[in-house]
Amino acid sequence: MPRTFGDPEATRPEDRSWTSGIVKEPVDGPLWLATTQLEGDGQADRVHHGGPDMAVLAYSAEHYPLWRAELGLDLPHGAFGENLTVTGLSEAVVCLGDLYQLGDAIVQVSQPRSPCWKLARRWGMPDLVARVQKTGRTGWYLRVLKEGHVAPNQEMALLERPYPQWTIERVSRAAFGGTPDPTAAELAACPALSGTWRERI
């Protein structure tokens, strides 16, 4: 659940209190995955986090050795605020609209993750959000099409890939690449893309 950090009486902005659900703890048993969030999880900012299109955040375990080397920190899984740390998947592989079986649940990839300032605040690195965006190691959100129990060490089995042309990596470039993507209109029309990102594109 969301926690409050910092000092409410602080004079420096970087020391003032803030509330976030970004700090995650590992679990060792099954949890119920509902259409808006994972059991026991919570978002402090319901305007920009959570909801049907951002019910679960997934992040690639393969990114951690790179970040640990680059940042000089012994980052645990969950350090980027994700609900699921997954192996064998990355933004270069996962595609918009992908359907996965995870335990009893079925989830669908809805958009890349656009990290907010709280990630940088947690680790005391003002440029961390920009670095995450620049590297493309952002993670991706999942919507829940079928609720069910999920547990650690379960396979995330691909059921369907309707839009193989739209990897999460490519979707991010279309929004943040700096140069207009000539196929942006096609992306914006993709029914698997979240409404928030459709407006952005």
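## Buried cysteines and nonpolar cores

C190 counts as buried because its relative accessibility is 3%, and buried means under 20%. C95 also counts as buried, because its relative accessibility is 2%. These values come from a predicted model.

| Residue | Relative accessibility | Class |
|---|---|---|
| C95 | 2% | buried |
| C190 | 3% | buried |

How many disulfides does a search of the whole structure find? The search finds 0 disulfides. A disulfide is a covalent bond between the sulfur atoms of two cysteines.

The protein chain as a whole has 6 helices and 10 strands. Of its 201 residues, 46% are buried. The chain exposes about 10,100 Å², and carbon and sulfur atoms supply 54% of that area. Among contacts between residues at least 6 apart in sequence, 69% join residues at least 24 apart.

In soluble globular proteins, nonpolar side chains tend to be buried together. Here the largest nonpolar core has 21 residues. Within this core, the residues with the most contacts are L33, W140, L142 and M156. Two or more residues of the core come from each of these elements: β3 (31-33), β4 (56-60), β5 (84-86), β6 (99-102), β7 (105-112) and β8 (140-146). Another core lies apart from it and has 15 residues, including V23, A79, F80 and L119.

When neighbours within four places in sequence are left aside, L142 is in contact with residues including P52, D53, M54, A55, V56 and A58. Among its other contacts are L84, V107, V109 and M156.

Methods. Residues numbered from 1 in each chain as written. Predicted model: local features only at pLDDT ≥ 70, side-chain atom pairs only at ≥ 80, totals over all residues. Heavy atoms only, no water. Core = buried A, V, L, I, M, F, W, Y, C linked by side-chain atoms within 4.5 Å. Buried < 20%, exposed > 50% of the residue type's maximum accessible area, 1.4 Å probe, protein only. Helix = DSSP H or I, 4+ residues; strand = E, 2+ residues; numbered from the N terminus. Contact = heavy atoms within 4.5 Å. Disulfide = S-S within 2.5 Å. Areas by Shrake-Rupley, 256 points an atom, 1.4 Å probe, with all protein chains shown as cover.
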